[in-house]
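Look at the model first.

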Amino acid sequence: MVAATLAALSAPVSAALAASGPPAPYVVTLDPGHGGSADNNHPELLFDPGVQGVNGLVEKDLTLNIARRVRDRLQKLGVQVVMTRNSDQYVDITPRIQAANSHNADLYVSIHLNYFGNDHSVGGSLVLYPNAASEAFARTMAATLGKQLGPIGIPGDGIQLRDNLWTTAQMPAITVECAYLSNLGEATLLKKSSTLDAIAGAMVKGMQAQDPQLTKRSAEIAAYARAHHIQTVSASPTSAPGHNPLMPWAVLAVAGVLMVTFRRQLIPVVALLVALVGLALGRFHRDEPEWRTRSGVRRRRSRAGLWGAH
């Protein structure tokens, strides 16, 4: 009877909560355009530095710099970020969009800088899109970039169909030409960290405007994390999270009955009392379902962080 009572009292308070996991994160694939350097020891290796600005800035370096700033901002919102490259390496076109498709990304943003021949007066941010499915995203991003970057000297340059790029994307996909490296004024601005921060912030705002789920999902994840944190800190200091708060009192009651009944066998009763208290505090049952759930959250978060590693 005692064993049956203990089994009933040690059941989790909320099995449904323990079984439920955190909401799936929102996924964005960032594609820093170009990449790779010439290697005289391996001339067979491909490389693509992109364009070089009138002030010496190289496109491949700027795209990676901006992408990392966008990544950092998205991760602070709880977004899972897939980077097609995170170093100076050459990546072909096909694997870039395949990375987005294979990770079931919700949005795809390729980051580039523009260049227009010898006409240094042309400037602004331009957004390219591959098909009608991505046109709305392009318009939203272009409007946001124009609003956010116009005041610092990079006006909006609208959108343009580019139907030979990202055509196999399974999500809204765009290419953002952030500014013109052929425009001396914009190229000069791109040397400032504050300008790169402004571009990154504007891109994030454009994604949020395109899909409210980005912000909503982040809020749901944050609410889940807060709920589990509150559950942890609000538990009794002497009990593990997820155990019934009535358990210690029930154990003491059972122990009292045992001591009265077996008062002549004090040592065995004391030993049983210690075991019961240990059970109540969860010291012998670290494999309770709620503990496994919390561990699963940590593993999920660590996997998510892999895509944002430097």
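Q: Which residue in strand 5 does L128 stand opposite?
A: This is a predicted model, where local features need pLDDT of at least 70, side-chain atom pairs count only at pLDDT 80 or more, and totals for chains, interfaces and linings use all residues. Residues are numbered from 1 along each chain as its sequence is written, and side-chain values use heavy atoms, without hydrogens or water. Strand 4 (residues 125-129) pairs in the parallel sense with strand 5 (residues 156-161) over four bridges; pairing takes at least two bridges found by DSSP, and strands (E, at least two residues) and helices (H or I, at least four) are DSSP runs numbered from the N terminus. In strand 5, the residue opposite L128 is Q160.

Q: Is H34 buried or exposed?
A: H34 lies in the loop between strand 1 (27-32) and helix 3 (59-76). Its phi is positive, about 65°, although H34 is not a glycine. Buried means under 20% relative accessible area, exposed over 50%, partly exposed in between (1.4 Å probe, protein chains only). At 16% relative accessibility, H34 is buried.

Q: Is N104 buried or exposed?
A: N104 sits in the loop between helix 4 (93-102) and strand 3 (107-114). N104 is not a glycine, yet has a positive phi of about 50°. Its relative accessibility is 60%, so N104 is exposed.
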